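User: Could you walk me through how to read a fold like this one? I would like the general idea and then the case at hand.

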Amino acid sequence: MDEQDAKLNTESREIWDTNAEAWDKKIGAGGGWQTTLIAPMVERMLNIQAGETVLDIACGNGQFSRRLLELGASVVASDFSTKLIELAKGRTTEHIERIRYHVVDATDEAQLLALAGADQQRFDAAVCNNALMDMPVIEPLFRAVAKLLKPNGRFVFSIMHPCFNGLAISMSPELPDYAQTPTYSVKISRYLSWEATKGTAIREQPREQYYWHRPLHVLLNAAFENGLVMDRLEEPKLVEVDAAKNAFNWTNYDMPPLLFVRLRPSKNP
Ligand SMILES: C[S@@+](CC[C@H](N)C(=O)[O-])C[C@H]1O[C@@H](n2cnc3c(N)ncnc32)[C@H](O)[C@@H]1O
């Protein structure tokens with residue numbers, strides 16, 4: 001990581017610490033994308049078996065880590081925000097003997113590898129929900145995951161869909177004259193180029209956070225070039241039971257707001 005990225009990553013950590021309580025309150029209440037869209041899809045793609053050991057990278061307030069506990073897994077959960085890890089610990093009241101929380105910067109391969117202790121290739125599965133776009137570099141994470149997983153292990157990540165959802169898109173509901181129903185589209189002003197950009201994930205957060213958009217080829221080649229191969233990709237539509245009748249609600253759009261990818265260690269790294 002170059003000096004500029006390291007600086008932004010440090011600032012990003014401070015921002016996540018500042019926003020931690022707002023994030024915890026919002027996500028902890030349930031009913032958002034984490035519980036309606038991300039968790040069910042990631043659960044299907046991971047297919048966790050009771051007794052497996054799972055690594056949750058950038059776990060936030062640990063909502064999905066605790067779901068993994070309910071599924072019978074042992075969990076190592078990590079995030080670079082000390083504050084979020086404290087909140088995650090505070091929310092963990094059941095199966096505490098099967099979970100360990102650690103403050104770890106996922107842009108640092110050595111810190112991630114240290115999670116395995118002496119035992120490399122320790123994990124049956126790994127997960128990183130909606131966090132890769134929050135990191136200035138992702139190659140160290142992919143490299144570490146390829147080493148941490150058992151040979152038949154799997155790694156699932158979810159991410160804001162780089163083609164349809166991000167800071168360079170605008171959502172466009174249109175009602176042509178005399179039409180009965182609106183058409184919903186997104187306009188994309190930039191896809192191929194990128195730099196750190198600030199934006200807002202939840203309305204309640206005190207500070208804007210950094211995002212690092214990456215086009216698909218950059219995102220996925222970073223995984224392929226660092227010891228992983230892909231065996232599943234999902235692009236689900238957002239379906240909510242009580243969708244707000246808001247023209248900008250993603251349930252109206254025939255487009256996926258999130259991308260889900262499953263990777264496995266390459267047999268020929
Ligand atoms: C959008 S939140 C997602 C949290 C959680 N995975 C979830 O789905 O609820 C992004 C998370 O990434 C974490 N994060 C961002 N950059 C990180 C880094 N370099 N290392 C570790 N965690 C990071 C943030 O602290 C935050 O918890």
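Predicted model: local features only at pLDDT ≥ 70, side-chain atom pairs only at ≥ 80, totals over all residues.

User: What sense of pairing do strands β4 and β5 have, and over how many bridges?

Analyst: The general idea is that strands of a sheet pair through backbone hydrogen bonds, either parallel or antiparallel. Here, β4 (residues 123-129) and β5 (residues 149-160) take the parallel sense, with six bridges between them.

User: In what order do the strands of the open sheet run?

Analyst: Reading across, the order is β3-β2-β1-β4-β5-β11-β10, which makes seven strands with mixed pairing. At the edges stand β3 (99-103) and β10 (228-234); each has a single partner strand, so one side of each lacks a neighbour in the sheet. From one strand to the next, the twist averages 20 degrees.

User: Which strands does helix α7 lie across?

Analyst: Helix α7 (residues 216-224) lies across β10 and β11 (258-265), and its direction is at about 140 degrees to β10.

User: How do I read the packing of two helices, say α1 and α4?

Analyst: Look at the distance and angle of their axes. For α1 (residues 3-28) and α4 (residues 82-91), the axes come within 8 Å and cross at roughly 30 degrees. Angles under 35 degrees count as roughly parallel, so α1 is roughly parallel to α4. The crossing is right-handed.

User: Which residues of α1 and α4 meet?

Analyst: From α1 come Trp16, Asp17, Ala20, Asp24 and Gly28, and they meet Thr82, Lys83, Leu84, Leu87 and Arg91 of α4. By class, this contact has four nonpolar, two polar and four charged residues.

User: Which residues come nearest to the ligand?

Analyst: Of the 23 residues around the ligand, the nearest are Ala58, Gly60, Phe80, Ala106 and Ala131. The elements giving two or more residues to this shell are α1 and α3 (63-70), and α1 supplies the largest share, four residues. The shell has 11 nonpolar, nine polar and three charged residues.

How values were computed: Residues numbered from 1 in each chain as written. Axes fitted to C-alpha atoms, helices over the stretch in contact; angles between N-to-C directions. Parallel < 35°, antiparallel > 145°, perpendicular 65-115°, else oblique. Left-handed = near helix turned anticlockwise from the far one by under 90°. Contact = placed C-beta atoms within 7 Å. Nonpolar A, V, L, I, M, F, W, Y, C, P; charged D, E, K, R; others polar. Near = placed C-beta within 6 Å. Pairing = 2+ DSSP bridges.
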